[in-house]
Amino acid sequence: MVQLGLVGLGKMGFNMRERLRAAGHEVVGFDRNPAVTDSESLADLVSKLDAPRIVWIMVPAGDPTRQTVVELSQSLSEGDLVIDGGNSKFTDDKLNADLLAAKGIGYLDCGVSGGVWGKDNGYGLMVGGAGSDVARAMPIFDTLRPEGPREEGFSHAGEVGAGHYAKMIHNGIEYGIMQAYAEGFELLEAAHVVKDVPAVIKGWQRGTVVRSWLLDLLVRALEEDPELDDLEGYVEDSGEGRWTLEEAVNNAVPAPVLSAALFARFSSRQKDSAAMRAVAALRNQFGGHAVKKAGS
């Protein structure tokens with residue numbers, strides 16, 4: 001059993017703490033929410049850990065993560081280890097690693113997949129960093145990952161940055177799979193040939209080549225709301241889909257499915273699309289096709 005500091009006790013961080021504690025690890029958490037925190041500040045968290053320390057960060061990507069790393073660098077000591085388990089952009093990892101390395105502190109980046117279900121099902125982990133640091137943190141990784149062969153729920157992807165790069169591509173793929181299911185659902189609903197759309201999708205859960213955990217989650221959503229009428233079709237993106245497409249361009253790799261899935265999310269946020277108004281106007285101009293006037 002090991003001792004761990006965990007910064008960020010939101011939806012995933014809180015459940016990770018519970019899973020680790022259930023396995024017998026000692027976890028000291030810090031969060032700005034006084035109802036869930038175990039310490040008063042980052043410095044207080046560090047003071048409660050025995051050297052050499054391991055501190056895992058689960059806060060939003062960007063400035064919050066960067067500021068946390070900077071603050072930890074001022075409290076931690078040589079020989080300690082920091083793991084960033086958030087959805088940071090892989091280019092941020094070298095900056096964090098270099099800052100900590102100047103003080104003799106190790107750094108791992110860890111892409112984490114599993115969402116709110118990870119507490120019970122385990123988390124898929126993709127790690128970047130030195131092999132010695134990975135080995136040191138392996139008891140933590142082994143507790144967080146799903147049961148079964150390690151290589152089916154954990155990967156040491158490469159050097160610093162590789163873990164978050166792998167998670168970025170994972171999320172880009174996720175965009176495409178979700179969009180395919182969504183378009184299939186809409187077509188089944190629109191055609192009116194199929195009379196029980198939820199039953200058809202549920203029937204895909206076993207034996208078919210499109211079965212997956214995401215499909216299981218769609219079935220669950222349809223059981224709660226068979227036509228999904230309770231939801232508004234507005235979908236945000238976390239940023240990793242955009243970063244994936246940037247990398248596709250940088251490496252000259254065609255990614256039409258991933259790009260279409262991301263742009264579909266952009267479209268979902270437009271109550272009145274200027275582009276579609278332009279298309280309607282052009283169709284009316286060259287073909288005399290009917291248009292629907294605003295407010296009619």
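The structure is a predicted model in which local features need pLDDT of at least 70 and side-chain atom pairs count only at pLDDT 80 or more, whereas totals for chains, interfaces and linings use all residues. Residues are numbered from 1 along each chain as its sequence is written, and side-chain values use heavy atoms, with hydrogens and water left out.

The protein contains twelve helices and seven strands, where helices (H or I, at least four residues) and strands (E, at least two) are DSSP runs numbered from the N terminus. Along the principal axes, its C-alpha atoms fill a box of roughly 75 × 40 × 40 Å. Of the 296 residues, 40% are buried, buried being under 20% relative accessible area, exposed over 50% and partly exposed in between (1.4 Å probe, protein chains only). The protein exposes about 16,200 Å², of which carbon and sulfur atoms supply 55%, the areas coming from the Shrake-Rupley method with a 1.4 Å probe, and for residues only the protein chains shown count as cover. Among contacts (heavy atoms within 4.5 Å) between residues at least 6 apart in sequence, 64% join residues at least 24 apart.

Strand β5 (residues 106-113) is largely enclosed by the rest of the structure, because eight of its eight residues are buried. In a regular strand the side chains alternate between the two faces of the sheet. Both faces of β5 are covered, with G106, L108, C110 and V112 buried on one side and Y107, D109, G111 and S113 buried on the other. Strands are taken to pair if DSSP finds at least two bridges between them. Strand β4 (residues 81-84) runs parallel to β5 and is joined to it by four bridges, with D109 of β5 as the bridge partner of D84. Between β4 and β5 the chain passes through helix α4 (residues 90-101), and this β-α-β crossover is right-handed; that is, with the strands pointing away from the viewer, the path from the first strand over the helix to the second runs clockwise. Strand β6 (residues 124-128) is antiparallel to β5 and is joined to it by five bridges, and G124 of β6 is the bridge partner of S113.

Helix α4 also contributes to the cover of the buried residues of α10, as do α7 (162-191) and α11 (256-268). Within α10 (residues 240-250), the buried residues are E240, G241, W243, T244, L245, E247 and A248. In the loop between α10 and α11 lies A252, which has a positive phi of about 55 degrees although it is not a glycine; at 68% relative accessibility, A252 counts as exposed.

Most residues other than glycine have a negative phi, and most peptide bonds are trans. A positive phi of about 55 degrees is also found at L228, which is not a glycine. L228 belongs to the loop between α9 (213-224) and α10 and is partly exposed, with a relative accessible area of 22%. A cis peptide bond, with omega about -5 degrees, joins A51 and P52, and P52 is located in the loop between α2 (42-47) and β3 (54-57).
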